[in-house]
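Visitor: I would like to learn how to read a few features of a model. Could you take me through them one at a time?

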Amino acid sequence: MSKEFSFKPADFLPMHDAQVLEKCRNIKRDDMEYTNEHGFSVKVVPNPTYLFIVDCFERIKKSDEEDTHLTMIFPNQWPEAYKTIAFLCNQHNVSCRNVDAFAMDEWADEDGNVAPLTYGAGLGYSFRTHFYGNIREDLRPSVDHWHVFTNENVNDYSKIIEDVGEGGADVCYSATGWPGHIAFIDPQTKEFAADSLEEFLTLGSRLVTQHPLTIAENSLFAPMGASGDVYAVPPRAATIGPRDIANARDHFDMHSITFIGGDSWQRMISRLTLYGPVSMQCPSSIIQLFPGTCYVSEVLAKPITYWQYGQDVYRA
């Protein structure tokens, strides 16, 4: 980064290739959009969340009109977006009878006990309460169509998605986390250890131990107090696996997390996910291998700048 002072990234970080890091830091806005040989595209837009809401509603509406089954995998927690999708279904009398919706992850304690649906900061609680619970009763499917992780199904969750979705989900909605995770598929996780990328892509749902950056990231969100209280974040999680990403027939990825003023921890990992190599060191990068689109917000597409690159600072 600097000619005057160079160093290696901390050992616990998953990526250490200096050339890859420098390349990703220096991606320009004009060079961000592309479509690769797998049918995966990157598009820069004002607000990916709006497009997610529209895309989700349109898929549900089509499944209702054509009376076709629809299997969807969703990230958590997203009360405002889910309430809006439910509102649109209610407003336009769109039935969700054909939908099977899967939450992609859930918290677990140190012993691997999955958080119950009564846990207010839980991902399953949010998914059932803010999404399913806001769909008008006459438009809802039975509650067992809104799938969440439990102690009983954690190891069979991938198989349930495959059985319900005839091989996989029709669409997987996702984002990338601070260490490069997708769902809770973290790098350097012993539970997802594999000898090759090919083997990695065959691994299904399971209990995992969270990467330190994942715990730090989640301490910044409202369910855990939005105060950096890392002690409030459970140490383990239940999650879908790379196999479920690979099996999905379409992918809708979103990179748009910012704070007031436009600061974001996601700006660098977004670039590593989309412009770095596909690797287990950045699990979210596997989306490059499959048809779909990642929508990056204009705010996140702004250049990464550092003080040593022109910031006026006091020098003794």
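Guide: We will go through a helix, a strand, some salt bridges and a loop residue. This is a predicted model, where local features need pLDDT of at least 70 and side-chain atom pairs count only at pLDDT 80 or more, while totals for chains, interfaces and linings use all residues. Residues are numbered from 1 along each chain as its sequence is written, and side-chain values use heavy atoms, with hydrogens and water left out.

Visitor: Which residues of helix α4 are buried?

Guide: An α-helix has 3.6 residues a turn, so residues three or four places apart point the same way. Buried means under 20% relative accessible area, exposed over 50%, and partly exposed in between (1.4 Å probe, protein chains only). Helices (H or I, at least four residues) and strands (E, at least two) are DSSP runs, numbered from the N terminus. In α4, residues 123-131, the buried set is L123, G124, S126, F127, H130 and F131. These residues lie on the same side of α4, because they cover an arc of only 165° around the axis. That arc is taken from the directions from the helix axis to the C-beta atoms.

Visitor: What do the buried residues of α4 pack against?

Guide: Their partners are α2 (48-66), β3 (70-74), α3 (79-91), β4 (99-103), β5 (105-108) and β6 (146-147). Contact here means heavy atoms within 4.5 Å.

Visitor: Which way do the residues of β11 point?

Guide: In a regular strand the side chains alternate between the two faces of the sheet. From β11, G292, C294 and V296 point one way, and T293, Y295 and S297 point the other way. The strand spans residues 292-297; 6 of the 6 are buried, so β11 is largely enclosed by the rest of the structure.

Visitor: Which strands pair with β11?

Guide: Two strands pair if DSSP finds at least two bridges between them. Strand β2 (residues 40-45) runs parallel to β11, joined by 6 bridges. There, V44 stands opposite V296. Strand β10 (residues 251-255) is also parallel to β11, over 4 bridges. M254 has Y295 as its bridge partner. With helix α9 (residues 266-275), β10 and β11 make a right-handed β-α-β unit. Right-handed means that, with the strands pointing away from the viewer, the path from the first strand over the helix to the second runs clockwise.

Visitor: How many salt bridges does the structure hold?

Guide: A salt bridge is a side-chain nitrogen of Lys or Arg within 4 Å of a carboxyl oxygen of Asp or Glu. The structure holds 12. In one of them, R59 meets D55, with the closest N and O atoms 2.6 Å apart. The two sit 4 residues apart in helix α2, about one helical turn. R59 is partly exposed at 21%, and D55 is buried at 18%.

Visitor: Where in the chain are E162 and R243?

Guide: Their side chains form a salt bridge, 2.6 Å from N to O. The pair links distant parts of the chain: E162 is in helix α5 (residues 157-164) and R243 in helix α8 (residues 242-247), 81 residues apart. E162 is buried at 19%; R243 is partly exposed at 25%. Elsewhere, salt bridges that share partners join D55, R59 and D250 into one network.

Visitor: Is T176 buried or exposed?

Guide: T176 is buried, at 3% relative accessibility. This residue lies in the loop between β7 (171-174) and α6 (197-200). Its side chain makes a polar contact of 3.3 Å with that of T273. A polar contact is a pair of N or O atoms within 3.5 Å; within protein, one must be able to donate a hydrogen and the other to accept it, and residues adjacent in sequence count only if both atoms are side-chain atoms.
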